[in-house]
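Hello,

Here is the structure I promised to hand over. My notes on its aromatic rings follow below.

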Amino acid sequence: MSTTVYGLDFGTTNTAVAITRNGSAEVLPIGAGGTATIPSLAFFPEYGRGYQIGQNAIDGYLGSEMNGRLLQSEKSFLPDPGFKGTAVGGQLGYASIEKLIGILIKFVKQQADAHMGEEVTDVIIGRPALFSDDPERDALAEKRLVDAARYAGFEHIQVQKEPIAAAFEYERSLDREEIAFIADFGGGTSDFTIMRLGPEHVTRPDRADDILGVDGVYVGGNNFDSSIMWRRLIRYFGSESESKDWDRWLPMPRHLMQDLCRWQRITFLKDRKTREYMKKLLKTSNDPESIKRLIALIEENLGFSVFQAIEKAKHDLSQHETTSVIFNESVIEIEERISRQEFEEMSCEHIQKIEICIDELLTTSQIALEQVDTVFVTGGTSYIPAVRRVLSDRFGDGKIRTGDAFISVAAGLALGGSTGAGSLA
């Protein structure tokens, strides 16, 4: 019987798995070419059987000329009681959200098991500090995540909050006790914990007394992408157009434009009612060219590709003062210049939410800024300069330490699992 415990970081954007070996965390090569992460994506072809996961999902989706369902950011739907599942291609027909996520986790488990040469049935899986402000939705999201892990073949499942897991990974580098502020900026959430860490604490089976505060906010990399779409790109798809209804000119419905700002929602616009409305718009709009682009975006499944261009621009702005969102497919031609200052202005609402969450956590934990010895930062969204400034403005650059943006949580989950520092599900 295997004694191995996986630390599984099922992220909104990427997924990673780690184990503990000889007291240290080892992240397993589960991705294409032996990489440590796989994209949290699943592709279901429109015709035929089967599905593809991770990078294979991206390749399959693009190779099929986007004919099928590419599911991303499934984690963000976990707290939504209205989203029970969706129709997919192939033999599944319809799959619950637990099954959709379970399929992805099962693939990850198989990759990890193949590397380990054994079947592992114990896992400690990460979850955001806050799935939802609503306690019932938060509990629903955790239950669904656990059920998905069980569907994937895990039998003994523990759950740990991701910023606490990141603290465990950072703790192994310490030679003295300190109070650390842990910030995990992911694709869907920003999570924080304040924790007492140190070499004397590492082997304690119960770390509850060391946790001084935990909180999070439902703001992540996806929100910053959406801001670019909302503020700069939806005009290409008719946001400023009007359509004639008898003797009145009506603006483009706001809810339709809002759906365009979450690429995983775009695919839901292919329903019959929306398609009929698009046909009507094309005939009555004062800007038919923008409606043609809108129809192409939806009908040709180009949402994922547009958001890839947006994400590339976002990454470029972490290194450069200006960049462009460039996209040329079908009838859609976009070249939109954006400066870092403009990006920060359009993202200010997200930054403010992060600031409020951090300040409230310090207040409720009764920890003063000067009591914090170190700020440990991880997660892909931490590369955004405005996000980093939130921390440096409060704590000072000298206190900030950076972990691996994509594997720190998985490593910490494995280390926490080895000491039993998780909650049973």
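Start with Phe83: this residue is buried, with a relative accessible area of 11%. Buried means under 20% relative accessible area, exposed over 50%, and partly exposed in between (1.4 Å probe, protein chains only).

Before more, the ground rules. This is a predicted model, where local features need pLDDT of at least 70, side-chain atom pairs count only at pLDDT 80 or more, and totals for chains, interfaces and linings use all residues. Residues are numbered from 1 along each chain as its sequence is written, and side-chain values use heavy atoms, with hydrogens and water left out.

The whole structure holds 11 aromatic pairs. Rings of Phe, Tyr and Trp (its six-membered ring) pair if their centres lie within 6.5 Å; planes under 30 degrees apart are stacked, over 60 edge-to-face, the rest tilted.

Tyr61 sits in helix α1 (residues 55-63) and Phe304 in helix α10 (residues 303-316), so the pair ties together parts 243 residues apart in sequence. Helices here are DSSP runs (H or I, at least four residues), numbered from the N terminus. Tyr61 is buried at 3%. Phe304 is buried too, at 5%.

Back to Phe83. Its ring pairs with Phe268: centres 6.1 Å apart, planes at 65°, so edge-to-face. Phe268 is partly exposed, at 25% relative accessibility.

Finally, Phe181, Phe185, Phe192 and Phe395 form one aromatic cluster.

Best wishes

Technical notes: Helices (H or I, at least four residues) and strands (E, at least two) are DSSP runs, numbered from the N terminus.
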